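Reader: I have the file open and some time to go through it. Can you walk me through what is there?

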There are 2 protein chains.
Amino acid sequence: MGEIVPGPVFEEALRRSARAVESKLDALLPRDGGPEARLYEAMRYATLNGGKRFRPFLALESARLFDVRMDSALRVAAAIECMHSYSLVHDDLPAMDDDDLRRGLPSAHRKFDEATAILAGDALLTFAFEILAEEATHETPQIRADLVRRLAEAAGAQGMVGGQMIDLASQGTLLDMGAITRLQRLKTGALIVFACVSGGLLGRASPEALHALQAFAHDLGLAYQIADDLLDAEGDSAILGKTAGKDAKAGKATFVSILGLERARKQAAILSEQAIQHLDLFDQKADLLRQAARFVISRRN
Amino acid sequence: MGEIVPGPVFEEALRRSARAVESKLDALLPRDGGPEARLYEAMRYATLNGGKRFRPFLALESARLFDVRMDSALRVAAAIECMHSYSLVHDDLPAMDDDDLRRGLPSAHRKFDEATAILAGDALLTFAFEILAEEATHETPQIRADLVRRLAEAAGAQGMVGGQMIDLASQGTLLDMGAITRLQRLKTGALIVFACVSGGLLGRASPEALHALQAFAHDLGLAYQIADDLLDAEGDSAILGKTAGKDAKAGKATFVSILGLERARKQAAILSEQAIQHLDLFDQKADLLRQAARFVISRRN
């Protein structure tokens, strides 16, 4: 097994993958148009923003384990990013987290207006499924239908949207470790799991391999979230590109508020190592995924 | 060919279909749950409301032409109603049409709150695709993938959401007949077309039959919208179950404001007859669809 400290090689791989996803999104998203052009602009603004594209990276790397055709993996990666972007646009709305800043720029409803932001989110959510269902995504309809079903499960009421509801409903209440773990498993974990599993679905991975990817993603997702809470508690808005300290301000329970800084850091490190162990059945092709597990706890934004 | 004036037989068929869809939705939608229970409640509130279920009716009747298994058709009908309901919840939001009343009851954001209404809409939109992609909907994955793709096209940026964007963007501007026809084709027509075509897809209809259903739905959808504008201009809020006269108040161009009452009525009647003619290749099995075309221009709410 190769080097698993995320160094320049990892970072270059992440950047390369982000560029490929950006250009696929640019090619897929609608443009121009008549009086609805504003909607297309808002969809593009919310997605073509030079983000890290971490979820798409996971999808591309998991697809690479099974020698999936690049264009196929890129389409799924783009669909995942549409889903992720819609969730950020809606979460930033005044009625939700009311955030003016996203990736260092005005959030969509500040750049455009609330109605346009709501509609752009709706359109991106819908577009994610359109991409997956199209024949170009995979020649086998069963695989396309599976991708749609699993993404819907991950994103819907019993996944990401359910997690956001719990998050909003529990503001000001004291969540315990079990409750906050469940919240994060739904709110951020489910889409990360889908990203990792999608490559296996595209590549007709064995049930064993799919299970390993799922377990990897589960631990990775939790480590990612604890790292996020640490960044929010310790971070600098300028580096984060979003408002730091907002969890404490909102009276939100986080892994940091429950565990404290020291134990939270430790827990994230344990989860990161555990995630890597789940990849033992894969050869060095999985090294970038292994490095990703280290990356999530060492990143500064 | 049988009777095509929508009388008690038609109305009873519509009610029977609405009850079947209501009970399918009730069985499919999530319930109970922990801290996210409020989300499930809002999803149920927005869908289980005793509506006419006109789009689901079209899906069920078009499926009947091809002897589609009832449960299969009901699942697609339920998915269509989830999609329709989400669009109403989001359209009613303060940042959009700002409507407090829906089907005679407080709209979702008034009954719950804005954040919950946004999330319930997101979850219903996602759930529509989940239902379609599940194996229970049709044994052939190609048909499930087609349904997902076509619903996404009908509902997304180049369909329903695009139409709502045009509607918002053109308030206070004078749309001509061409522009308003395009707006309505996207905003309400696309989902009505999907409803009529979905039955044909489930039943492996010939390209000819699919085309006839599409042409029928196109004219029906336009007639439906003109009738809606007439009801808004002439109607009574108590019968409508929503605020009447709001188009004029919002300075919106409608078919009525462009054509005037008399010509609008005439145009709706012409479209209704034209819709019926597209069904000529079907036998008396299509009689309820024929009556539906009359129904849309004679309804009072």
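This is a predicted model: local features need pLDDT of at least 70, side-chain atom pairs count only at pLDDT 80 or more; totals for chains, interfaces and linings use all residues.

Reader: What helices and strands does chain A have?

Author: Chain A has 14 helices and two strands. Its radius of gyration is 18 Å, close to the 19 Å that the globule rule gives for 301 residues, so chain A is as compact as a globular protein of that length. Along the principal axes, the C-alpha atoms fill a box of roughly 55 × 45 × 35 Å.

Reader: And what share of the contacts in chain A with a separation of 6 or more comes from residues 24 or more positions apart?

Author: Such pairs account for 73% of those contacts.

Reader: What about confidence, for chain A and for the complex?

Author: The average pLDDT of chain A is 93, and 93% of the residues score at least 70. For the complex, the predictor gives an ipTM of 0.94 and a pTM of 0.95.

Reader: Now the pair. What rotation superposes chain A on chain B?

Author: A rotation of 180° with 0.0 Å of shift along its axis, at an RMSD of 0.0 Å. That is the relation of a two-fold axis. The same surface serves both copies, as 100% of the contact residues of chain A recur in chain B.

Reader: How many residues does the contact take from each chain?

Author: It takes 44 residues from chain A and 44 residues from chain B. On the chain A side, the elements that give two or more residues are H2 (37–47), H6 (114–133), H7 (141–155) and H8 (160–169), each a helix.

Reader: Which of them gives the most?

Author: H6(A), with twelve residues. The side of chain A that touches chain B divides into 27 nonpolar, eight polar and nine charged residues.

Reader: Switching to chain B. Where is Ala18, and is it buried or exposed?

Author: B:Ala18 is in helix H1 (residues 8–28) of chain B. With 20 C-beta neighbours inside 10 Å, B:Ala18 counts as buried; the cut-off for buried is 20 or more.

Reader: What does B:Ala18 touch, leaving out residues up to four places away in sequence?

Author: B:Lys52 and B:Arg53. B:Gly51 is 33 residues from B:Ala18 along the chain, and their C-alpha atoms are separated by 7.5 Å.

Reader: How does the span of H4 in chain B look against 1.5 Å a residue?

Author: Helix H4 (residues 70–91) of chain B has 22 residues and should span 32 Å; its end C-alpha atoms are 31 Å apart, which agrees. In H4(B), 19 of the 22 residues are buried, so the helix is largely enclosed by the rest of the structure.

Reader: Backbone next. Which residue of chain A has a positive phi although it is not a glycine?

Author: One is A:Asp98, with a phi of about 50°. Most residues other than glycine have a negative phi. A:Asp98 is found in the loop between helix H4 (70–91) and strand S1 (101–102) of chain A, and with 14 C-beta neighbours inside 10 Å it counts as partly exposed.

Reader: And B:Asp32, what is its phi and where is it?

Author: B:Asp32 has a positive phi of about 55° and is not a glycine either. Its place is in the loop between H1 and helix H2 (37–47) of chain B. B:Asp32 counts as exposed, with 8 C-beta neighbours inside 10 Å.

Definitions and conventions. Residues are numbered from 1 along each chain as its sequence is written. Chains are lettered from A and ligands numbered from 1 in the order in which they are written. Two residues are in contact if their C-beta atoms, placed from the backbone, lie within 7 Å. Helices (H or I, at least four residues) and strands (E, at least two) are DSSP runs, numbered from the N terminus. Ala, Val, Leu, Ile, Met, Phe, Trp, Tyr, Cys and Pro count as nonpolar, Asp, Glu, Lys and Arg as charged, and the others, Gly among them, as polar. pLDDT is the predictor's confidence in each residue, from 0 to 100. The radius of gyration is taken over C-alpha atoms; the globule rule is 2.2 Å times the number of residues to the power 0.38. A residue is buried if 20 or more other C-beta atoms lie within 10 Å of its own, exposed if 12 or fewer, and partly exposed in between; C-beta atoms are placed from the backbone. Copies are superposed by least squares on the C-alpha atoms of residues with pLDDT of at least 70 in both. The expected span of a helix is 1.5 Å times one less than its number of residues.
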